Amino acid sequence: MDTQLIEEIEMLHNRVCTALGDPKRVMLLYILAGKPRNVTELAAELAIPQPTVSRHLSVLRERSLVKTHREGTSVIYALGDPRVIEALDLLRALVRDQAHAQAHLADFAALDAQRSQSNEE
């Protein structure tokens, strides 16, 4: 196997996948895709304590998924790269399609069960 591919996959897992391992961090990225915000605004929007938001932002910042700048005494967080939202949107579409496919399979299985029951009667 290509060593560069292996290294890139390991970096992807260590830097991005672990950072996206919590739904609150993914939500933070979507919120920041709308516009930059400070921790207080983010905590209010997610309805979770500010220290929790700060910990999540720290993880995202360490992995360059968010960037910061100061405005007076406030630290403003912004999306580090809009491509992360594009990637998340693709993954959400994949999951949505899989869920629809499973729902159709469940519908067919239920229909088959009804037919089998009708044939037995």
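The model is predicted, so local features need pLDDT of at least 70 and side-chain atom pairs count only at pLDDT 80 or more, while totals for chains, interfaces and linings use all residues. Residues are numbered from 1 along each chain as its sequence is written, and side-chain values use heavy atoms, with hydrogens and water left out. Helices (H or I, at least four residues) and strands (E, at least two) are DSSP runs, numbered from the N terminus.

**The nonpolar core**

- In soluble globular proteins, nonpolar side chains tend to be buried together.
- Here the largest nonpolar core has 22 residues, and those with the most contacts inside it are Leu 29, Leu 42, Val 53 and Leu 57.
- The elements that give two or more residues to this core are α2 (23–34), α3, α4, β3 (74–79) and α5, and α2 supplies the largest share, five residues.
- A nonpolar core is a set of buried Ala, Val, Leu, Ile, Met, Phe, Trp, Tyr and Cys residues joined through side-chain atoms within 4.5 Å; buried means under 20% relative accessible area, exposed over 50%, and partly exposed in between (1.4 Å probe, protein chains only).
- Leaving out residues up to four places away in sequence, Leu 42 touches Leu 28, Ile 31, Leu 32, Arg 37, Val 53, Leu 57 and Tyr 77; contact means heavy atoms within 4.5 Å.

**The largest pocket**

- About 380 Å³ of space lies in the largest pocket, and 15 residues line it, with Leu 12, Val 16, Leu 65, Val 84 and Ala 87 nearest its centre.
- Two or more lining residues come from each of α1 (3–17) and α5 (83–120).
- A pocket is found on a 1 Å grid over the protein atoms alone, as an open set of points where a 1.4 Å probe fits, with protein on both sides within 12 Å along at least five of seven lines; lining residues have an atom within 4 Å of a point.
- Grid points are joined across faces, edges and corners, and the volume is the space filled by probe spheres set on the points.

**Residues in α2**

- Ala 33 is found in helix α2 and is partly exposed, at 41% relative accessible area.
- Ala 33 and Ile 85 are 52 residues apart in sequence, and 7.4 Å apart in space from C-alpha to C-alpha.
- Lys 24 also belongs to helix α2 and is partly exposed, at 33%.
- Beyond its neighbours within four places in sequence, Lys 24 is in contact with Leu 46, Ile 48 and His 56.

**A buried asparagine**

- Asn 38 lies in strand β1 (residues 37–38) and counts as buried, at 17% relative accessibility.
- The side chain of Asn 38 reaches the backbone nitrogen of Glu 41 at 2.8 Å.
- Setting aside residues up to four places away in sequence, Asn 38 touches Ser 74, Val 75 and Ile 76.

**Two positive phi angles**

- Most residues other than glycine have a negative phi.
- Ala 47 has a positive phi, near 55°; Ala 47 sits in the loop between α3 (39–46) and α4 (50–62) and is exposed, at 67% relative accessible area.
- Ser 64 has a positive phi too, near 60°; Ser 64 lies in the loop between α4 and β2 (66–71) and is partly exposed, at 47%.

Notes. A polar contact is a pair of N or O atoms within 3.5 Å; within protein, one must be able to donate a hydrogen and the other to accept it, and residues adjacent in sequence count only if both atoms are side-chain atoms.
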